[in-house]
Amino acid sequence: MSLIGLTKGTDLEKKIDEMWKGEAMAAAAYHAFAIVAKEKGLLELSESLMKIAADEARHGGLYAALNGHTNENLSETLSSMANGEISASEQIKELSNEIHKLGFEEAAQAVKAAAEDEYGHGTLLKELVEKYL
Ligand SMILES: [Fe+2]
Ligand SMILES: [Fe+2]
């Protein structure tokens with residue numbers, strides 16, 4: 001039985017939506033704690049917090065899928081996501097420049113690395129659509 005949209009339209013829909021958003025927030029929160037731990041030199045703690053964050057992101061995906069916040073037309077959706085990632089990458093590079101202008105060089109570099117990740121997601125998604133869909 002497919003999980004997609006299973007709880008949509010049921011009495012659980014609202015609760016599952018709250019879980020989806022809560023898990024997404026938790027994923028970011030644990031990654032932020034991981035940055036705190038890293039800055040304190042607690043590298044193993046930081047690694048463990050990132051693993052918890054990955055679990056929370058996965059849980060968020062489960063709840064999103066259960067309430068149908070996804071699309072089964074992977075070719076169309078992932079192609080469109082690819083373009084979104086690439087244009088986000090440009091905007092985030094701009095943000096990195098703005099942070100650089102404030103004189104926060106380390107933060108600017110970290111945000112620039114995020115922009116490069118987004119670009120990489122875009123090109124990878126294009127390759128994956130080509131290869132599998
Ligand atoms: Fe969770
Ligand atoms: Fe991305």
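Me: In which helix do Glu-98 and Lys-101 both lie?
Reply: This is a predicted model, in which local features need pLDDT of at least 70 and side-chain atom pairs count only at pLDDT 80 or more, whereas totals for chains, interfaces and linings use all residues, and side-chain values use heavy atoms, with hydrogens and water left out. Residues are numbered from 1 along each chain as its sequence is written, while chains are lettered from A and ligands numbered from 1 in the order in which they are written. Helices are DSSP runs of H or I with at least four residues, strands are runs of E with at least two, and both are numbered from the N terminus. Glu-98 and Lys-101 are three residues apart, about one turn of the helix, and both lie in H3.

Me: How far apart are the closest N and O atoms of Glu-98 and Lys-101?
Reply: A salt bridge is counted when a side-chain nitrogen of Lys or Arg is within 4 Å of a carboxyl oxygen of Asp or Glu, and the whole structure holds four of them. Glu-98 and Lys-101 form one such pair, their closest N and O atoms being separated by 3.4 Å.

Me: Is Lys-14 buried or exposed?
Reply: Lys-14 pairs with Glu-18 in a salt bridge of 3.5 Å, N to O, and the two residues are four apart in helix H1 (residues 13–39). Buried means under 20% relative accessible area, exposed over 50%, and partly exposed in between, computed with a 1.4 Å probe on protein chains only. Glu-18 is partly exposed at 42%, whereas Lys-14, with 63% relative accessibility, counts as exposed.

Me: Which residues coordinate the iron ion (ligand 2)?
Reply: Donors are N, O and S atoms within 2.8 Å of the metal (3.2 Å for Na, K and Ca), and water is not among the atoms, so sites may look incomplete. In sequence the donor residues follow the spacing E-x32-E-x2-H. At 2.0 to 2.6 Å, the ion is held by two OE atoms of one glutamate, one OE of another and an ND1, which belong to Glu-85, Glu-118 and His-121.

Me: Why is the arrangement around the iron ion (ligand 2) classed as it is?
Reply: Four donors count as tetrahedral if all angles lie between 85 and 135 degrees; four count as square planar, and six as octahedral, if opposite donors are over 155 degrees apart and all others between 65 and 115; anything else is irregular. Because the four donor atoms subtend angles of 53 to 133°, the arrangement is irregular.

Me: Which side chain of opposite charge is nearest to Glu-85?
Reply: Glu-85 is buried, with a relative accessible area of 17%, and yet it has no salt bridge. For charge, Lys and Arg count as positive and Asp and Glu as negative, with His and the chain ends not counted. The nearest side chain of opposite charge is 12 Å away and belongs to Lys-126.

Me: What separates Glu-56 and His-59, which are three residues apart in helix H2?
Reply: Both residues are among the donors of the iron ion (ligand 1), together with Glu-23, at 2.0 to 2.5 Å. Glu-56 is buried at 14% relative accessible area, whereas His-59 is partly exposed at 27%. Because they are three residues apart in helix H2 (residues 43–66), their separation is about one helical turn.

Me: What radius of gyration does the chain have?
Reply: The chain comprises four helices and zero strands. The radius is taken over C-alpha atoms, and the globule rule is 2.2 Å times the number of residues to the power 0.38. A compact globule of 133 residues would come near 14 Å, but the chain has 18 Å.
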